[in-house]
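Colleague: Could we go through this model together? I would like to begin with charged pairs and then move on to other topics.

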There are 2 protein chains.
Amino acid sequence: MDMKETRIGGEQIYDGIIVHLYKDDVTLPNGKTAVREVIRHQGAVCVVAIDNEENIYLVKQFRYPFNDIITEIPAGKLDAGETPLEGAARELREETGIVANNYLYLGELYTSPAFLDEVIHMYLATDLTFVEQDPDEDEFVEVEKIKLNDFVKEIMNGKIPDSKTQTAVLKAYLSLQSNS
Amino acid sequence: MDMKETRIGGEQIYDGIIVHLYKDDVTLPNGKTAVREVIRHQGAVCVVAIDNEENIYLVKQFRYPFNDIITEIPAGKLDAGETPLEGAARELREETGIVANNYLYLGELYTSPAFLDEVIHMYLATDLTFVEQDPDEDEFVEVEKIKLNDFVKEIMNGKIPDSKTQTAVLKAYLSLQSNS
């Protein structure tokens with residue numbers, strides 16, 4: 001089946017800090033036209049950091065869209081010119097004060113592909129060393145650790161809604177199971 | 001630690017079909033002010049549908065933000081006034097022609113909580129009956145089935161980037177494992 005949509009016009013609606021919004025006109029496979037709202041995003045990274053006692057390191061922070069404090073794995077937007085692995089190491093260090101000697105790539109995550117091109121690169125980090133936390137100015141983050149098995153139960157019980165956290169932790173858990 | 005951010009002003013930037021974009025001014029816990037870009041979304045549902053032979057049903061569709069055909073589980077936006085379970089049953093029927101007699105709730109997914117309030121409700125559907133597909137006009141979707149174990153391997157190998165698909169399928173897989 002031909003499914004391709006072809007851009008025939010459009011405009012940028014908003015060019016912000018995180019959000020770059022476009023409204024494009026496209027032709028559909030049946031020849032009709034449609035409007036596609038697209039948010040362009042610079043991409044991000046997230047890290048499942050697990051120490052030798054099988055603790056996972058989490059960050060709690062206020063997320064304005066939900067007006068609530070959310071538990072997530074360390075994560076953040078990629079800086080310009082940075083590779084995903086460099087970004088992962090930087091965000092982990094800034095948010096938790098951890099330096100990891102071993103990284104395993106867990107793949108890409110498309111957060112909401114119908115209207116958002118955000119890609120999050122996921123990593124499992126092990127062989128951890130603790131230095132000091134170095135948060136961004138105006139970033140308010142609390143770090144906590146919990147046994148991986150207990151955190152997987154929280155995910156399975158629906159208590160951890162964040163998409164990158166659910167996906168990356170379950171992939172890390174299954175990956176470690178299959179190697180043990 | 002006080003982490004709350006309080007809205008002190010702002011404006012709606014764009015009121016579209018899917019995307020409703022706001023630019024708010026907030027006060028931070030340290031008294032400084034910051035800008036928060038927020039996309040408000042009506043919410044969505046997704047369904048892991050598994051038949052008695054342990055096949056999972058997938059949909060392939062063109063996703064304009066990636067200019068590519070993406071493999072996902074059946075999913076869609078909630079209609080006004082619809083419960084998540086009603087939306088899940090409707091989307092599954094429309095996209096695959098499947099009616100399920102048994103639904104298990106797999107929890108919520110926040111796709112990108114830093115700037116987007118989208119919540120996807122995830123379900124595992126079993127005891128399937130096949131009626132006829134009833135896609136939305138102008139929706140071009142191909143359905144395929146694959147053994148659940150093989151699809152989990154594809155997810156673990158990084159071949160399935162969609163966030164709701166990775167999360168919901170891994171949760172369904174672990175949930176079925178613990179019950180068998």
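Colleague: Which residue forms a salt bridge with Asp79(A)?

Modeller: Asp79(A) forms a salt bridge with Arg90(A), and their closest N and O atoms are 3.3 Å apart. A salt bridge here is a side-chain nitrogen of Lys or Arg within 4 Å of a carboxyl oxygen of Asp or Glu. Please note that this is a predicted model, in which local features need pLDDT of at least 70 and side-chain atom pairs count only at pLDDT 80 or more, while totals for chains, interfaces and linings use all residues. Side-chain values use heavy atoms, with hydrogens and water left out, residues are numbered from 1 along each chain as its sequence is written, and chains are lettered from A and ligands numbered from 1 in the order in which they are written.

Colleague: Which parts of chain A does that pair tie together?

Modeller: Asp79(A) lies in the loop between strand E7 (75–77) and H1, and Arg90(A) is in helix H1, so the pair ties together parts that are 11 residues apart in sequence. Helices (H or I, at least four residues) and strands (E, at least two) are DSSP runs, numbered from the N terminus.

Colleague: Is Arg90(A) buried or exposed?

Modeller: Arg90(A) is buried because its relative accessible area is 18%. Asp79(A), by contrast, is partly exposed, with 42%. The cut-offs are under 20% relative accessible area for buried, over 50% for exposed and partly exposed in between, with a 1.4 Å probe and protein chains only.

Colleague: Which residues are joined with them into one network?

Modeller: Asp79(A), Glu82(A), Arg90(A), Glu91(A) and Glu94(A) are joined by salt bridges that share partners.

Colleague: How many salt bridges are there over all chains?

Modeller: The search of the whole structure finds 22. One of them links Glu72(A) and Arg63(A), with 2.8 Å between the closest N and O atoms. Glu72(A) is buried at a relative accessible area of 0%, and Arg63(A) is buried at 15%. In chain B, the side chains of Glu82(B) and Arg90(B) meet in a salt bridge at 2.6 Å, N to O, and both residues are buried.

Colleague: Changing topic, how many salt bridges cross the interface of chain B and chain A?

Modeller: The rule finds zero there. It does find 29 residue pairs in polar contact across that interface, both residues being at pLDDT 80 or more. A polar contact is a pair of N or O atoms within 3.5 Å; within protein, one must be able to donate a hydrogen and the other to accept it, and residues adjacent in sequence count only if both atoms are side-chain atoms.

Colleague: Where is Ser112(A), and what does it touch?

Modeller: Ser112(A) is in the loop between strand E8 (98–110) and strand E9 (119–130) of chain A. Not counting residues up to four places away in sequence, Ser112(A) touches Thr111(B), Leu116(B) and Glu118(B). Ser112(A) is buried, with a relative accessible area of 5%.

Colleague: What is Ser112(B) in contact with?

Modeller: Leaving aside neighbours within four places in sequence, Ser112(B) is in contact with Thr111(A), Leu116(A) and Glu118(A). Ser112(B) counts as buried at 6% relative accessibility.

Colleague: Finally, how many helices and strands does chain A have?

Modeller: Chain A has three helices and 10 strands. From the N terminus on, the order is β-β-β-β-β-β-β-α-β-β-β-α-α. Of the 180 residues in chain A, 55% are buried. Leu92(A), in helix H1 (residues 84–96), counts as buried at 0% relative accessibility.

Technical notes:
Contact = heavy atoms within 4.5 Å.
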